[in-house]
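Please look through the sequence and the model below before reading on.

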Amino acid sequence: MYELFENLGTWLVSDEQWSGPDGIGHRLAEHLQYSLLATLIAAAIGLPLGLLIGHTGKGAFVAINLASFGRALPTVGLVVLVFLAGGLSMLPVYVALVALAVPAIVTNTYAGMTAVDPDVKDAARGQGMRGHQVLAQVELPLALPLIMTGLRLALIQVVATATIAAYVSFGGLGRYVFDGLAQRDLVQVLGGAVLVAVVAVVLDVGLAGLQRFLFRHRTA
């Protein structure tokens with residue numbers, strides 16, 4: 001076991017392992033590209049949907065059950081399904097990652113909107129605000145902490161799952177996991193898993209710190 005971790009340390013810090021198209025730097029950039037783009041697409045879908053449901057109160061059943069759908073989603077199965085339908089491209093990967101991220105964004109956005117005190121909304125309407133003004137100037141600012149939590153959860157889930165890009169012969173840090181399994185190279189498999197975990201933890205800690213900084217005045 002000690003030898004395994006010693007070899008892992010050597011693998012991670014090797015200059016050769018960080019250079020070239022198969023190096024950690026390049027694979028990390030690919031992984032972040034997949035993750036960030038999928039999360040942005042999911043946000044473009046999930047945020048308006050969550051805001052609409054939370055503002056109108058219609059479709060709450062959809063928002064509540066999306067969370068269960070996200071947990072039950074067979075990501076690899078979805079990749080294979082879209083791959084068979086659309087051929088070899090990044091489309092299956094992005095479809096799966098977006099489908100994974102949307103539920104967290106929708107449910108947290110909806111939760112943030114419903115957490116806004118109804119008296120505050122009534123007071124805003126009493127001052128002559130229209131529906132879209134109440135949404136933009138009252139509900140959205142108050143719901144932002146939970147909305148950001150949803151985005152944070154979605155991004156971390158996507159980062160952890162973006163290894164599936166390598167399942168259909170693309171890049172990212174998952175390349176080390178799948179290539180290592182094919183080559184029976186335990187050090188490479190463990191190295192890929194460790195890198196994905198580190199990226200997820202760093203992003204989570206960074207986003208949590210940013211969230212606390214942005215909303216520090218609300219907890220003071």
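In which helix is the place of Leu37? Leu37 has its place in helix α2, where a helix is a DSSP run of H or I with at least four residues, numbered from the N terminus. This is a predicted model, in which local features need pLDDT of at least 70 and side-chain atom pairs count only at pLDDT 80 or more, while totals for chains, interfaces and linings use all residues. Residues are numbered from 1 along each chain as its sequence is written, and side-chain values use heavy atoms, with hydrogens and water left out.

Leu37 counts as partly exposed because its relative accessibility is 36%; buried means under 20% relative accessible area, exposed over 50%, and partly exposed in between (1.4 Å probe, protein chains only).

The largest nonpolar core has 21 residues, a core being a set of buried Ala, Val, Leu, Ile, Met, Phe, Trp, Tyr and Cys residues joined through side-chain atoms within 4.5 Å. Helix α5 gives the largest share of this core, 10 residues.

A search of the whole structure finds 4 salt bridges, each a side-chain nitrogen of Lys or Arg within 4 Å of a carboxyl oxygen of Asp or Glu.

| Pair | Closest N to O |
|---|---|
| Glu30 and Arg27 | 2.9 Å |
| Arg175 and Asp179 | 3.1 Å |

Arg152 lies in helix α7 and Asp204 in helix α9, so this pair ties together parts that are 52 residues apart in sequence. Glu30 and Arg27, by contrast, are separated by about one helical turn, because they are 3 residues apart in helix α2.

Key. Helix = DSSP H or I, 4+ residues; strand = E, 2+ residues; numbered from the N terminus.
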